[in-house]
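Have the sequence and the 3D view at hand as you read.

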Amino acid sequence: MAMSLAATVIGLLVDSVEVIKLGKQIRDYVSKRRAGSREAMDIPQDQEARIRTLISGRIGSRLVDAFISYVEEGSYDPLMEVIDDVEKRESVDTSVDLIGRNPEVMYRRQFGKDPDYIYKYASGGLDTSEFPRVAVSVAKFLELVSNLHPLAKKRVILVMPVVIGFQIGQLVGSTARFYPLHMVRDSGYVEVGPVIGF
């Protein structure tokens, strides 16, 4: 069971990174690892830096470290350590920032800690032609969070154009249950009740 979850995590991370054209080679590296290759592999530093910029947070950073370790060294152990450490959490918070507003700063001020997961697409602005790709990437990322924490209450901050939020909602549907946090000026984040009963 744990190994299949690790494989799912790896697959969703690769999908989330690759769809926005950050990691074409990473899928090749992961395919070689799954085929049992023992050769040394190094993720190019620019790709590694972009992955670390895309996905961070208290748990997200650890997950990326473990993923990079898996790709470069071939061991599931660091990934399994992270999975075992986080699977019993009662709640997780995720911040998704597609327009450079840095909602994690207000989150930290209000809650005194960083979000567990931060997805930050920092491309210098989004063109409407990128919306579908970015929506798929974010949906894969939210699916990853949902798979890692199936029983936890999951809250999310979405900072993005409304159209992308709608597209992500279409992709995620009711499979990944998140409670949105809404920014209220001058008073911080407020949890919004669900539309669909959980």
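Predicted model: local features only at pLDDT ≥ 70, side-chain atom pairs only at ≥ 80, totals over all residues.

Residues are numbered from 1 along each chain as its sequence is written, and side-chain values use heavy atoms, with hydrogens and water left out.

A nonpolar core here is a set of buried Ala, Val, Leu, Ile, Met, Phe, Trp, Tyr and Cys residues joined through side-chain atoms within 4.5 Å; buried means under 20% relative accessible area, exposed over 50%, and partly exposed in between, with a 1.4 Å probe and protein chains only. The largest such core holds 53 residues, and V9, I26, L63, F67, L98 and Y119 have the most contacts inside it. Helix 7 (residues 131-148) supplies the largest share of this core, 10 residues. Helices (H or I, at least four residues) and strands (E, at least two) are DSSP runs, numbered from the N terminus. Apart from this core lies another, of six residues, including Y107 and Y189.

Now look at I51, in helix 3 (residues 45-54). I51 is buried, with a relative accessible area of 1%. Setting aside neighbours within four places in sequence, I51 is in contact (heavy atoms within 4.5 Å) with V17, I26 and V64.

Finally, strand 5 (residues 179-184) and strand 6 (residues 188-191) run antiparallel, joined by four bridges; strands pair if DSSP finds at least two bridges between them. M183 has Y189 as its bridge partner in strand 6.
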